[in-house]
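Thanks for making time this morning.

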Amino acid sequence: MQRLCVGNGNWGRPKRMIDRRLWWGSSLHHTTTPITVSATTPLHYTSAARIARPNHFFSVAHQQRCRPMHASIPVHRSYATVMEENDAAAGEKLYTQQRWQAIDALESSTSASAYLHYPSPPSLIPTPASASTSASTRHTTTTSLHTTTLTTDDTSKHVTIAAFKNAFEHLEPGQKDNNADVEVTGRIMSKRESGKKMIFLDIMSNGQTLQVMAMHHAYALSPSAPDTQSFEYVTSLLKKGDIIAVQGYAGRSKLGELSVIPRSMKLLVPCVRDLPESLKNPEARQRKRYLDMIINAPRVRDTFILRAKVIGFLRSYLNARDFTEVETPILSTAVGGANALPFTTHSNSLDTSLFMRIAPELYLKQLVIGGLERVYELGKCFRNEGIDATHNPEFTTLEFYAAYQNYESLMTLTEHMLSEMVRTLTGDAVLKGAKIMSKNSSIATEAVDMVAGADQPNDDVADVDFSGPFKRVDFVRELERCLQTPLPDLTQPDAESKLKDLCIEKGVPISAPYTLARLLDSLGGHFIEPYLIQPTFLCHHPLALSPLAKSHPTRPGQTERFELFILGKEICNAYSELNDPREQRVRFASQMNAKQAGDLEAQPTDEHFCEALEYGLPPTGGWGMGIDRFVMLLAHTTHIRDVQLFPTMKEN
């Protein structure tokens, strides 16, 4: 039997190198790994080096540097074979196989599972300030700057990494405080050696990182402790990705890094897959969000915490104004509330087709009719439409409806709510360096330059001012200004053909069916929307674009509606709600004509909703916002998948 050594230092790596290691050291510290090769290729397990060109690894030299192993693990395929084949999948499989074998060996020697119950879970219930001191002991660290108290009791010594840092931030380089015995938990993100008697680990928990400075002389074991609890065994067993518990005391390294110095360490959950050094491929990140959050923390984690804060703020804002949060059906026999193609399914029990909702609007307005005069819903909607940087089939919206409000009062509310939210979440009403979300980035960048002048760099970003008041732009007037010609009379039968000719003349991309709504939307999307960089209300849309909005009393053919655009993208949509059941039936009939002409996204007639309107809908203002797009704005990202934990993707 021949003993070979494998180094895992840094070197130039081939493009398709298999980067797999079973941690003993790190790529920052050259170490060697003893591998026992026999006829059946059993492999001594402590670590696996990087798998790349064989010439860089195997050597019979330096045998004296090889450390003794705790167990020989039979592996029926050697690293040399994997290296020669340059097979990444095989390297991953080999890593996992060896990791399981090491865990099996541990469980066999300890007669216990490696997946441990945490024996002393931290309490989720705050301790009352008047709690008896007999039930707990308090360790107080006092400096001239502050006093920090750590509380432990007979059942728990656990503290979070954040609490640990706050408690011992005062320690000077080289100083230790071994009076406080605490326990911290986390996932190992890196492991490196500084000789046989000292191991450094970086652990992460809840977005916080902490160094573990494991020293042989500080490790405290009873004489009767089994070998599996020894410093050598534990430090060789622990690998990158493992979740561990560290019990010990605080200290600061000579280089000034705050650390926990363990008296004991315990493997709570092993990671049997090799954590990659980086994860940058967007599709891989979105398919394995859990891995994305581990490797790319804290950036990814912070994005979704920001999303939660946005939702929390909106709830608090509306609750403080006497709105009631409700839940309406996700599945129903009718679909409406927006122009979109729904997803369909079938109920076996009811033997009927069902639709996934595209908007909760019609249900929420029925609740206003029933007496819930301020109502809102935060939830998922589903639209069977195209997927791009700002559209996903599943998305989150907020819609609210308030009796005795109109689109003008909702504009004022929108200005106040968004400015307060941005100021609360970012500390400033001006959002610095926001990324443009418009599909036509070159037009949007040109608009940024025109708005900001020479002070704004031409790099697809803009400083967005939410302090208000927001600019207001009239849809029809602005479109006519851009076209330099009046729009045709939209009530005439030839309006569609004239608009189609106008689109062709002006070079606006259009596609069949050529309905009024689609043609007007194409014109607005080409000439107006990409230029709305700062928060801007686009108001008074034509009736054809707004089948559920109330007609404007002084602007024939237009509605009391606005859309809020920021960085060239729609963020909010609101209007005074149409509450005349006769007019609503006429609008639905117009939508059905468009559907028969081939517009699959036109809204069908909902007679049940029209019947509800006959009982009387108070004058009501309705408002909706796409949560995903607003989070994109605050998180400085340009793709909706970056703000959705598990976005809809094609099967791999």
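Predicted model: local features only at pLDDT ≥ 70, side-chain atom pairs only at ≥ 80, totals over all residues.

Strand 9, which covers residues 208-215, and strand 11, residues 258-269, pair in the parallel sense over two bridges, where helices (H or I, at least four residues) and strands (E, at least two) are DSSP runs numbered from the N terminus, and two strands count as paired if DSSP finds at least two bridges between them. Within this pair, Gln211 stands opposite Ser259 of strand 11. Residues are numbered from 1 along each chain as its sequence is written, and side-chain values use heavy atoms, with hydrogens and water left out.

The two strands belong to a closed barrel of five strands, in the order 7-8-9-11-10, and the pairing around it is mixed. From one strand to the next the twist averages 50 degrees, with axes taken as lines fitted to C-alpha atoms, for helices over the stretch in contact, and angles running from 0 to 180 degrees between N-to-C directions. Helix 3, residues 161-168, packs on this sheet and touches strand 7 (176-193), strand 8 (198-205), strand 9, strand 10 (243-252) and strand 11, contact meaning heavy atoms within 4.5 Å. The direction of helix 3 makes about 70 degrees with that of strand 9.

Let me step back to the whole chain. The secondary structure comes to 16 helices and 24 strands, and buried residues make up 50% of the 652 residues; here buried means under 20% relative accessible area, exposed over 50%, and partly exposed in between, with a 1.4 Å probe and protein chains only. Among the contacts with a separation of 6 or more, 68% are between residues 24 or more positions apart.

Which residues touch the most other members of the largest nonpolar core? They are Phe466, Trp623 and Phe630, in a core of 49 residues, a nonpolar core being a set of buried Ala, Val, Leu, Ile, Met, Phe, Trp, Tyr and Cys residues joined through side-chain atoms within 4.5 Å. Helix 9, residues 407-426, supplies the largest share of this core, with eight residues. If we set aside residues up to four places away in sequence, Phe630 touches Val310, Leu418, Met421, Val422, Phe466, Ile571 and Met625. There is also a second, separate core of 32 residues, including Val184, Tyr219, Leu238 and Ile244.

Turning to the backbone, there are two cis peptide bonds I would like you to look at. One runs from Ala297 to Pro298, with omega near 5 degrees, and Pro298 lies in the loop between helix 6 (289-295) and helix 7 (299-319). Another runs from Ala512 to Pro513, with omega near 0 degrees, and Pro513 has its place in the loop between helix 12 (495-506) and helix 13 (516-527).

Positive phi values in residues other than glycine also deserve a look. Gln484, in the loop between helix 11 (475-483) and helix 12, has phi near 60 degrees, and Gln484 counts as exposed because its relative accessibility is 73%. Leu567, by contrast, sits in the loop between strand 22 (561-566) and strand 23 (569-576), where its phi is about 55 degrees, and Leu567 counts as buried because its relative accessibility is 0%.

Is Lys432 buried or exposed? Lys432, found in strand 18 (residues 430-435), counts as exposed because its relative accessibility is 52%; leaving aside neighbours within four places in sequence, Lys432 is in contact with Ala462, Asp463 and His636. The C-alpha atoms of Lys432 and Asp465, which are 33 residues apart along the chain, are separated by 8.6 Å. Gln591, in helix 14 (residues 581-596), counts as buried because its relative accessibility is 6%, and, again not counting residues up to four places away in sequence, Gln591 touches Asn339, Ala544, Pro547, Ala602 and Gln603.
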